[in-house]
Amino acid sequence: MAKVLEGPGMGLMKKWGITVPNYVVVTSVDELTKLGQVNEWLKKSKLVVKAHEALGSRFKLGLVKVDLDFKGAEAAAKEMLGRQVGSITVVQVIVSEMIPHKEEYYCAVKSTREGTDILVANCGGIEVESNWERVKCLALEVGQQPSADALEKVAKEAGFTGPLVKKMADFAGKMFTCFDSEDAQYLEVNPVVLRELDGALIALDAVTLLDGDAKFRHLDWNFAFAAEFGRAYSKHEMEVMAVDSKIKGSVKFIEIPGGDTAMLPAGGGASVYYSDAVVARGGKLANYAEYSGDPPDWAVEVLTDKVCSLPGIKNIIVGGAIANFTDVKKTFGGIINGFRKAKSEGKLKGVKIWVRRGGPREKEGLDAMRALKDEGFDINVFDRHTPLTDIVDKALQKQ
Amino acid sequence: MSILANKDTYVVIQGGVAGVNAARRMAEFCYLIKRSLNVLAFVYPPDAGKSHEIPYGSGLVAVPIYKTVAEATTHHPQINTSLVYIGADRAMKGGMEALDDAHIKVVSMITEGVPEKDAKILGRHATKLGKVFNGPSSIGIVSAGSCRLGVIGGAFDNLVLSKLYREGSFGVITKSGGLSNEIIWICSQFADGITTAIGIGGDAYPGTDYVSYLEMFENDPQTKAVVIVGEMGGDLEERAAEWYGAKKRRVKLMAVVSGFCQESLPKGMKFGHAGAKEGLKGEGSARAKSDAFKNAGAIVPATFGALGPAIKEAYQEMLKSGLVKEPVEPASLPKLPKTVEEAMKADEVMVAPLIRTTISDDRGDEPCYDGYPASELINKGYQIPHVVGLLWDKRLISNQEAEIIKRIMMLSADHGPCVSGALGTIIAACAGIGMSQSVAAGLIMIGPRFGGAVTDAGRYFKYAVDNKMTVDEFLVYMKKNHGPVPGIGHRVKSLRNPDKRVKELVGYVKSLNTKTPCLDFALEVEKITSVKKDNLILNVDGTMAAVLVDIGFPVDSLNGFFILSRTIGLIGHWVDQKRQDSRLIRLFDYLVNYAAPKRREVPPLKQ
């Protein structure tokens, strides 16, 4: 799943006919000032200014300012731009018009195994969370389009009455079209508001999750995907992602600050079992990592370099199941190069390395790892006869 | 017995290189269990009409490539299964094509990164047709002793170690490819092995879920227990648990679920397979899934490591109750023939080499010339003439000798466009011919009359010096046995109009004060011949030859110095013509003496 920030998310909704407030995304106050000269609404309306970054709890951090005039918006933008929050620098702010309204509603579309669920509620904002039973669902099968009747029916079930039934059905229908056409996995508008001025339904805030795998058929997705876990990707994470996007097979890397057990396992499935084993043993993960699909040795070397660069690590778990087609000797060659480089840079002091693996050319690969002992590495190597996660037990027992 | 894949399974593989690799692995399995190759066809439009040669035992099986699935199944009506290895952007089209073919009952998609929407449409389409769509992102399906679909099971040694050559009693369903292999191995070590193992893929919405396969296993009397390796995210594990708990099942269910680490990670941090995502409301956690399995009565070991012992316990119970019998291992198994390289490494064969070399070797990380690594030669200041010395005469020549060779090369690199070699290259270049052929056209000219006299000149001067001949004896010997002396005589240069290149080279070599018996002899010869005729001087070929023989180069290598040097010029002429975009040239009529018979009538053809 790929998260999309508010700006491009609202752009996609607008594309499919959903009314969104006027907004601009800017990277400097100058830009905002210039936009103010050509966009009348910026001068006329009350404005909201938000940091346009993948940050959680923006309200608490003072990165959302409401009810501003244009001067106030410029001041807020100036204050926010360049602010450092953890590893993230605020480089963009989104300035949007405030929509005076009384009523708030909810609408979402999500992917299910059977097809697609369209969710509507006649309450919105935080009220939805505490009144989940008021959310009504129209379940569609794979390939099925919602009929106007079905949409109106679910709107009625959700408690909409009078002209609002048709308005809400229409809004939900457009949400579905956007979802279906843009390969979305989750679309949520909370709140949907009734604009006092003309009685139109407006999408005030959007959560947009797209299917990153479908990017090849959406040439207009010219925006970057945001990190999904409430912080920006680190430099090392982005470097590994850049390698991942270039190669056959995959390499993955996520840093977890404060941990002391570094992970360098093979396989999307086994890597999580290794992480589970560390946690079950009371260890603290310093990262998540994974390589699979017989990646080139240089890509595994880059990954190894990042793992060895994690601060304060005591153990590195080079685990893996019995590979089907990943060449153990070749991928271990990349890891060994990475280890040697790290050692020559003064890293890996006092770090214990634990290896367990099987698969094509396992003997050669494991022998090469064992030979690192002679170069002064503190390394323990096990083959397929040692159960998968036993190296984690051994590593964490000895501490 | 087994499910999904068996002795009657015949396969078409849709896709290119990855599919061919899978076919090789499948052929290894077929060889192990002594059945013929079950891959009957490939579908890959760019190569349609050709075939892939798949190694089987010590031979090769040609598997034809077709443009469409329909063509493949028309030619091979036994095909009932398709493996899809097509790129993510075209995978859906390929999957649909296979599903819509009446012959095909099972489609397994190996492609990773298929859009979720496409996977759902494929799954739905298969259900409607009553077919099985497995994957995407599936590692494959393997039924012990009968059929392998894809690379699942790994290398040949692993197939044997995991006892995949005969049936066991355990069914396996996993999302992860690597772990499928691990579980197959565990089942073979802690119990009697597997019946069928299926990789359903780690995507959020696999085409076929655990429940469908559990139903199949339930109906397969050979399968006594099923092991599920699950992951957090989605609700497939919960559905499997629900199925198991719904009524008394014949098969025993064992399950582990990964993703417990999420509980102690920073909120929102997620990783693993595409489908391994906790729901927005916290549903689909590893704990919820584990609990669901436990509540349904499945055996749920606390960790992945505890799975082996749990399988062992279950197996021992089955043995005790007589549900299963100890398997009988076959007396012998086919061994995968070794490649020549592997057999040589193991000292099992001796091969008579086809060729022998004594000058160079590039099997290491860089080429070695006569044993010296090229980079070391560079870094220690050696030059191209030293490399010539190593490759032509297998010795490290002195710097002084290298300097002479360098000067010889510089003097002979080119001699204008009119000489045979350059003209040949230029004509070829003007005819639009490529560099290597055009340069070769020029090189072909080198022979007894143009540039190719060096070797012979060296040979005879050396003969004279070795046999201590006087100049007169030599000239008599040459006249009697060989004719004109190679290296003596020039078309335009003469005593009065000396060849500056010769003067230059002789002057330099003489200035070194080394012994130059051949050169001295050649100069003596010139003294006599040039008296006889003004242009019978020592030419550049003869000078080079004498000097190089004095340095010690073998006679047979001598023409090489001219060929090597002149190649520089010929390449220059080709590039020059190319850069000018020269047009095709032909000889003007007035440059030809037409001495052929005048035009005349052709007589009638005699019967």
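**Note on a two-chain predicted model**

1. Start with one helix. In α7(B), the buried residues are B:Tyr210, B:Tyr213, B:Leu214 and B:Phe217. They span an arc of only 105° around the axis, which puts them on the same side of α7(B). The arc is taken over the directions from the helix axis to the C-beta atoms. A residue is buried if 20 or more other C-beta atoms lie within 10 Å of its own, exposed if 12 or fewer, and partly exposed in between, with C-beta atoms placed from the backbone. An α-helix has 3.6 residues a turn, so residues three or four places apart point the same way.

2. A word on the basis. This is a predicted model, where local features need pLDDT of at least 70 and side-chain atom pairs count only at pLDDT 80 or more, while totals for chains, interfaces and linings use all residues. Residues are numbered from 1 along each chain as its sequence is written, and chains are lettered from A and ligands numbered from 1 in the order in which they are written. Helices (H or I, at least four residues) and strands (E, at least two) are DSSP runs, numbered from the N terminus.

3. What covers the buried residues of α7(B)? The cover includes β10, β11 (194-199), β12 and α8 of chain B. Contact here means that C-beta atoms, placed from the backbone, lie within 7 Å.

4. Helix α7 (residues 210-218) of chain B packs against helix α8 (residues 236-246) of chain B at about 35°, with the axes 8 Å apart. Axes are lines fitted to C-alpha atoms, for helices over the stretch in contact, and angles run from 0 to 180 degrees between N-to-C directions. From α7(B), the contact uses B:Tyr210, B:Val211 and B:Leu214; from α8(B), B:Leu236, B:Arg239, B:Ala240 and B:Trp243. By class, these are 6 nonpolar, no polar and 1 charged. Ala, Val, Leu, Ile, Met, Phe, Trp, Tyr, Cys and Pro count as nonpolar, Asp, Glu, Lys and Arg as charged, and the others, Gly among them, as polar.

5. Next, a sheet of chain B. Its 6 strands run in the order β9-β8-β11-β10-β12-β13, open and with mixed pairing. Strands pair if DSSP finds at least two bridges between them. The edges are β9 (147-150) and β13 (252-258) of chain B, each pairing on one side only. Neighbouring strands are turned by 10° against each other on average, direction ignored. Inside it, β10 (residues 170-174) and β12 (residues 225-231) of chain B run parallel, joined by 5 bridges. B:Phe170 has B:Ala225 as its bridge partner in β12(B).

6. Another open sheet of chain B has 7 strands in the order β3-β4-β2-β1-β5-β6-β7, again with mixed pairing. At its edges stand β3 (51-56) and β7 (132-134) of chain B, each with a single partner strand, so one side of each lacks a neighbour in the sheet. The twist averages 25° from one strand to the next. Strands β1 (residues 11-14) and β2 (residues 39-43) of chain B pair in parallel over 4 bridges.

7. Domain bounds come from an automatic or database domain assignment. Chain B has domain 1 (11-263 + 273-321) and domain 2 (420-579). Their C-alpha centres lie 74 Å apart. Chain A is divided into domain 1 (22-97), domain 2 (101-217) and domain 3 (235-397).

8. Finally, the contact between the chains. Chain A gives 47 residues and chain B gives 49 residues. On the side of chain A, α9(A) gives the most, with 10 residues.

Methods:
Contact = placed C-beta atoms within 7 Å.
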